[in-house]
Amino acid sequence: MTVHPGVARRALSRLVIAFALVMPLASCSSLLGGGSGDRERSTIYAPDPRVEANPAWPHADWQLSMSPPTAARMIDSFRIAVRPIPDELQVYRGASWAKTPTDMLQDAVLRTLEDSGHLPGVARQGAGITADYKLVIDLRRFEADYNGNALPSATIEANAKLIHNIDQTVVGSRTFLAAQPAASAEVAQVVDAFSNALRDVSSEMAGWILESGNAHEVTHDRRVPESMPAVRR
């Protein structure tokens, strides 16, 4: 069969373009997730940082409830996110979290406050305790970020708001950011960096919660409202 030269040139051009598109993907094969075979071989990671109470943290006599943290769907995923370049977000192939990032962060902060013994009562929202304050967390980032470096840093960014339950006023608001460099580009080393970043954020947030709540307790007017007559003995 005779192939017209023009047809051959067009076919060759398509082949070159297809090859050019495949090559960048092949170079990122360690990052991109694959088919069902990859899911079957997936390693599940469960960071479990333990935070010791800072002696400088104040003790409190009020109770705290923690609302479920919020996050964008791409952030709050079982897949481990990695940002190779500023405007591109991928996931590690063959690796996943045992819990979602919002669950990991809430568990870490809750356990830190419970184990510290500096707060008489702290629990998840709906646990049944009578809480004076409520913690609301918005998780903004939970990713391995190269940021132009040879190795990624486990990056966690979250905004926390402490709310007084009686009048629903925001007692304090602060954004926490931790970026822990990984020892290597291997997923296990990146997960270790996430554990350290989670420990740092939890420690800073716990101290801030105690300080902010106590500061509000000092300035808050606890007098009985005029609409509620005092009980005579």
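Residues are numbered from 1 along each chain as its sequence is written, and side-chain values use heavy atoms, with hydrogens and water left out. Because the model is predicted, local features need pLDDT of at least 70 and side-chain atom pairs count only at pLDDT 80 or more, while totals for chains, interfaces and linings use all residues.

**View A. Helix 3, residues 101-116.** Helices (H or I, at least four residues) and strands (E, at least two) are DSSP runs, numbered from the N terminus. The 16 residues of helix 3 reach 22 Å from first C-alpha to last, close to the expected 22 Å; the expected span is 1.5 Å times one less than the number of residues. Of these 16 residues, 13 are buried (under 20% relative accessible area, 1.4 Å probe, protein chains only). G117 follows the helix, with a positive phi near 75 degrees.

**View B. T155 in strand 8, residues 153-164.** T155 counts as buried because its relative accessibility is 4%. Its side chain reaches the backbone oxygen of S153 at 3.1 Å. Leaving aside neighbours within four places in sequence, T155 is in contact (heavy atoms within 4.5 Å) with R141, F142, E143, D145, L177, A178, A179 and F194.

**View C. V170 in strand 9, residues 169-181.** Residues up to four places away in sequence not counted, V170 touches L162 and I163. The C-alpha atoms of V170 and K134 are separated by 9.5 Å, and the two residues are 36 residues apart along the chain.

Methods
Buried < 20%, exposed > 50% of the residue type's maximum accessible area, 1.4 Å probe, protein only. Polar contact = N/O pair within 3.5 Å; in protein donor to acceptor, adjacent residues only side chain to side chain.
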